[in-house]
There are 2 protein chains.
Amino acid sequence: MLKFLAVVAFAVVTVAANEPVYKTKTFNAKLDHFSFTSNATFPLRYLINDTYWNPSSTVAPIFFYTGNEGDITMFAENSGLVWEFAPHFEALIVFAEHRYYGESLPFGNLSFTDPKYSGYLSSSQALADYIDLIAELKIAYPKKQKHHPTPVIAFGGSYGGMLSAWIRMKYPGVITGALAASAPIWQFTNMTSCDAFNRVTTSAYGESANQGCVDTIKKSWSAIDRLGANDAGRAWLTQTFKPCKPISGKSNVKDLKDWLTDMWVNLAMVNYPYPANFLAPLPGHPVREVCKRMVTDVSDDKKLLLGIFEGATLYFNGTGTLKCMDFDSQGTQDLGTLGWDYQSCTEMVMPMCDRGDTMFEKVAWDIKTVSDNCYAQFKVRPNVNYVRNLYGGKEISASSNIIFSNGLLDPWSSGGVLNNVSDTSIAVILPGGAHHIDLRASNPLDPPSVKQARKFYRSIFKQWVNTVRNEYEN
Amino acid sequence: MLKFLAVVAFAVVTVAANEPVYKTKTFNAKLDHFSFTSNATFPLRYLINDTYWNPSSTVAPIFFYTGNEGDITMFAENSGLVWEFAPHFEALIVFAEHRYYGESLPFGNLSFTDPKYSGYLSSSQALADYIDLIAELKIAYPKKQKHHPTPVIAFGGSYGGMLSAWIRMKYPGVITGALAASAPIWQFTNMTSCDAFNRVTTSAYGESANQGCVDTIKKSWSAIDRLGANDAGRAWLTQTFKPCKPISGKSNVKDLKDWLTDMWVNLAMVNYPYPANFLAPLPGHPVREVCKRMVTDVSDDKKLLLGIFEGATLYFNGTGTLKCMDFDSQGTQDLGTLGWDYQSCTEMVMPMCDRGDTMFEKVAWDIKTVSDNCYAQFKVRPNVNYVRNLYGGKEISASSNIIFSNGLLDPWSSGGVLNNVSDTSIAVILPGGAHHIDLRASNPLDPPSVKQARKFYRSIFKQWVNTVRNEYEN
């Protein structure tokens, strides 16, 4: 698997306490929505709940989650906001799976073996799947008052939030408005500096824990290098970090560092103020908790790295059931990392680098190497301007009815929309918030910003559905 | 060739007196913009003029004609407005050819032989070609002030106008605004009654000429039927209408009626108030002129049809050089009828019918037959909801900066946008105007509505380009 930051699976989520109730269905999605070379279709999975749906209401909407890079059940379970809001809006709830993820593989096991199979994995095709599905749903769930329009509110977090913003931009006649939570639509070439992500992550550690933790992590890389430079040191690293494969050479040392890098990022993303389950249970404020376990202000490499391991243990092995640490896993096994690797190699090319002024190691963004690795793995090469040309880049002032929310503790806020872009495409900033915390079920420990945001969303959504009715009736 | 009204080539245009000056270039367009199955590209032709282009101006735009179903040189020669406005805006002028028309055939002579070749002919792909071309042009023609944005105003008439409206809707970050002249974006299933087109055409004849002409045309169909019912009558029809192939059977009689039907429609479209050249020179107000040649209020079939032939002669054979009338030609040979037939068989499915209350014959819209014919010719079947799902149908109130202009004498105004759809997506009605007359070069004989519209366009375009500058500078 490619190991560069851009392929960090960035929608780490946790399992909600209350499992949502839904029916699982499929619909026949066109393989190719924009050409007519074939009529092929494939079953796209979606989850649906019509408990609250009121077809007699002129304003009852469809709540449509634009599924992202993973099994859709995971997103359904981690988007409590949608379920909590639905009764108040008498909404039909739909979570649609993104093609090439979960159970929605157009070519089964062959899906990623050749461009002739993998080539239909694109954001455009996924959005068109959702539009066709909505058209079918409107027939299956008609309003009692014939021809009365059904508002559709799109929801999404992370890449799913990018999709919810983009589906409103591209299909505003179908999608009434969108909540794009933690959607880094500007994490692309010439839009955001490639080092912004690491800088935001570092600052989140400083704010959530303290500068000592940042310094310790910063020092850990050279400590690993020093120990990794000889057999005795590698033996110590193996004994300490308990990898499933021993650290016997340089590449294993790099694997260790990549594995830790991913962990720090993932930990920052799920840095919620309340206990949440992801693989193993994490306490509230996990960044602070992990940092607490680490000794700071030490010059002894081994002492320092023992602390780092303590931190990693909390993240990866809170329950103590793992026998060894799998460096090939990014701790995100529910996500479709193969699919996301592919998307990062075609359209979703998010440059990542570090200038040496963060808690991470200095690293350049090397598009040539990225491209060559992509070709080796998938026989495709990234197009760095694709997303800009397709979705407008920073020129989105013509968009409307989009809420871009970003938690300031979230690394991905680096590529998010942090200022209003038009009268009705607006930015919501969530101090104290990690990755799409606002999409999650409400929690008494939510930061005030998140509590306030939810109230605001509710009033905006009401405006949106009323506008659809008023436009129709006038 | 399919013969149903929906495939009437609907962008009949005339050659301007002053030939525009341009360079002809090509760029490598991606065959498929929305999937990654292949890297294939093909040369897409475009015409460019940089005489007026001022890179030092902060507001100088690109005037971009979104080519439609024909050879792009024809549209360049018949869109005088673009050339007349360019000096005032210091604009770069570009006319881009639509893929699968003119010289922009991705697979040469094979292009329509199989869905694996023809399948990439779609409006989405064409729009994406234009967006990529614009990105290249911005690099080739940079502003002197680095990073200063270049506004782009899209122009188009007829299907080209549909494309100019849609490209603004789909890519508002690239396209600042659009003039969509005579763009029947609502000539689709469940948007416009299928008989509207014939009703508007009939009313245009009544207004341009008189009710007698309408009645005569209406009576001609049964007169043809009566004469076409026996050998002697068919011989008379052959002698009178001078077809290249004799009218010897029922199907030839139908060909005659289809040929006349197309003619009446085409004549209404080019019913300009000044002489214009199309195939043969036409006088100003050609509908009135043709009707003058026809006797009215007659019960004698032959006398009536001789008048009809006189009319047809003015349209088809004004210079008297044709030896016979080719019923297979719709008098629109510069248009890519094969390409348009194909598009009518996939996404551009425009239902046409007649309830017997117009000057045309009663005819039902029979989607099953249409579909079967499509399959027989192209191995594709029409999708009647495709355009609605893709471009929003009547739900386009979120669009902005689009001028929808429609001449009230234009048959295609039946499917046009005749009311404002938002604050800045507005309708301009042109009484006395035929098919996209406002896109043509100005003429002293233009109706007042067209003269006024041109002044209005100029002020709106100024607003658009200024807004781009102001948004950038603020």
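## A helix enclosed in chain A

In helix H12 of chain A, the buried residues are Gly339(A), Trp340(A), Asp341(A), Tyr342(A), Gln343(A) and Ser344(A). Here, buried means under 20% relative accessible area, exposed means over 50%, and partly exposed lies in between (1.4 Å probe, protein chains only). Helices (H or I, at least four residues) and strands (E, at least two) are DSSP runs, numbered from the N terminus. H12(A) covers residues 337-344, and six of its eight residues are buried, so the helix is largely enclosed by the rest of the structure. The cover over these buried residues includes helices H3 (115-118), H4 (123-140), H5 (159-170) and H13 (367-378) of chain A.

This is a predicted model, in which local features need pLDDT of at least 70 and side-chain atom pairs count only at pLDDT 80 or more, while totals for chains, interfaces and linings use all residues. Residues are numbered from 1 along each chain as its sequence is written, chains are lettered from A and ligands numbered from 1 in the order in which they are written, and side-chain values use heavy atoms, with hydrogens and water left out.

## The nonpolar core

A nonpolar core is a set of buried Ala, Val, Leu, Ile, Met, Phe, Trp, Tyr and Cys residues joined through side-chain atoms within 4.5 Å. In soluble globular proteins, nonpolar side chains tend to be buried together. The largest nonpolar core of this model has 296 residues, and Trp264(A) and Trp264(B) have the most contacts inside it.

Contact means heavy atoms within 4.5 Å. Leaving aside residues up to four places away in sequence, Trp264(A) touches Thr201(A), Tyr205(A), Ile217(A), Trp221(A), Val290(A), Met294(A), Ile308(A), Met359(A) and Phe360(A).

## Where the two chains meet

The contact between the chains takes 38 residues from chain B and 38 residues from chain A. Together the chains bury about 2,800 Å², 55% of it on carbon and sulfur atoms. Buried area is the accessible area (1.4 Å probe) that two parts lose on being put together, summed over both. In chain B, the residues that lose the most area to chain A are Phe34(B), Phe36(B) and Asn389(B), together 24% of what that side buries.

Across this interface there are 13 residue pairs in polar contact (both at pLDDT 80 or more). A polar contact is a pair of N or O atoms within 3.5 Å; within protein, one must be able to donate a hydrogen and the other to accept it, and residues adjacent in sequence count only if both atoms are side-chain atoms. On the side of chain B that touches chain A, the elements giving two or more residues are H3 (115-118), H4 (123-140), H5 (159-170) and H14 (386-391) of chain B. H4(B) gives the most, with five residues.

## Salt bridges

A salt bridge is a side-chain nitrogen of Lys or Arg within 4 Å of a carboxyl oxygen of Asp or Glu. The whole structure has 36 salt bridges over all chains, but the count between chain B and chain A is zero. In chain A, Arg454(A) pairs with Asp446(A), their closest N and O atoms being 2.7 Å apart. Both of these residues are buried. A network of salt bridges links Arg45(A), Asp71(A), Glu97(A) and Glu103(A).

In chain B, Asp132(B) and Lys30(B) meet in a salt bridge (3.6 Å, N to O). Asp132(B) lies in helix H4 and Lys30(B) in strand E1 (residues 23-30) of chain B, so the pair ties together parts that are 102 residues apart in sequence. Asp132(B) is buried, at 14% relative accessible area, while Lys30(B) is partly exposed, at 24%.

## Two loop residues

Thr192(A) sits in the loop between strand E6 (177-181) and helix H6 (196-208) of chain A. Thr192(A) is buried, with a relative accessible area of 16%. A polar atom of its side chain lies 2.5 Å from the backbone oxygen of Trp186(A). Not counting residues up to four places away in sequence, Thr192(A) touches Trp186(A), Gln187(A), Ser414(A) and Gly415(A).

Pro172(B) is in the loop between H5 and strand E6 (177-181) of chain B, and counts as partly exposed at 27% relative accessibility. Pro172(B) and Asn401(B) are 229 residues apart in sequence and 8.9 Å apart in space, C-alpha to C-alpha.
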